[in-house]
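Look at the protein chain shown here.

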Amino acid sequence: MKSVKFLIPVAALALSSVAAAGSRDASSVVVRYGDLNLESRAGVAGLHKRLSNAAQSVCGNLNSRILGLNDAYDRCVQEALANSVSAVGNSNLTNFHASKGRGTVVASN
């Protein structure tokens, strides 16, 4: 079964001491994707969503209504997602991630 494991970005580790005591501290998450077809748009979108959810989970201790921490959370999620997309090493996923928010998806074989 295929999976990817990624670590919290260094910035998140540095800021994690600012997070509230007792918050969940996950340094990594394993995302399994062996059930997905990365040659299809649906499979790529599904994996991207799983990676995004995992990034949000890993960075969750920074999620706050405090402006400085909210910015750190957003940066952490973006960096963790980009790192995990890179770790998978699939061009369809990389292209999907790069085009996210621009309304187009470019896939190649």
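The points below are grouped by topic.

This is a predicted model, in which local features need pLDDT of at least 70, side-chain atom pairs count only at pLDDT 80 or more, and totals for chains, interfaces and linings use all residues. Residues are numbered from 1 along each chain as its sequence is written, and side-chain values use heavy atoms, leaving out hydrogens and water.

**Layout**
- The chain contains 4 helices and 2 strands; helices (H or I, at least four residues) and strands (E, at least two) are DSSP runs, numbered from the N terminus.
- Their order from the N terminus is β-α-β-α-α-α.
- Of the 109 residues in the chain, 36% are buried, where buried means under 20% relative accessible area with a 1.4 Å probe, protein chains only.

**Nonpolar core**
- A nonpolar core is a set of buried Ala, Val, Leu, Ile, Met, Phe, Trp, Tyr and Cys residues joined through side-chain atoms within 4.5 Å.
- The largest one has 23 residues, and L47, L51, V88 and L93 touch the most other members.
- At least two residues of this core come from each of β2 (28-32), α2 (41-58), α3 (67-88) and α4 (91-99).
- α3 gives the largest share, 9 residues.
- Leaving aside residues up to four places away in sequence, L47 touches V31, Y33, L36, L38, V88 and L93; here contact means heavy atoms within 4.5 Å.

**Helix α4**
- N92, L93, F96 and S99 are the buried residues of α4.
- They lie on the same side of α4 because they cover an arc of only 135° around the axis, taken from the directions from the helix axis to the C-beta atoms.
- An α-helix has 3.6 residues a turn, so residues three or four places apart point the same way.

Definitions and conventions. Buried means under 20% relative accessible area, exposed over 50%, partly exposed in between (1.4 Å probe, protein chains only).
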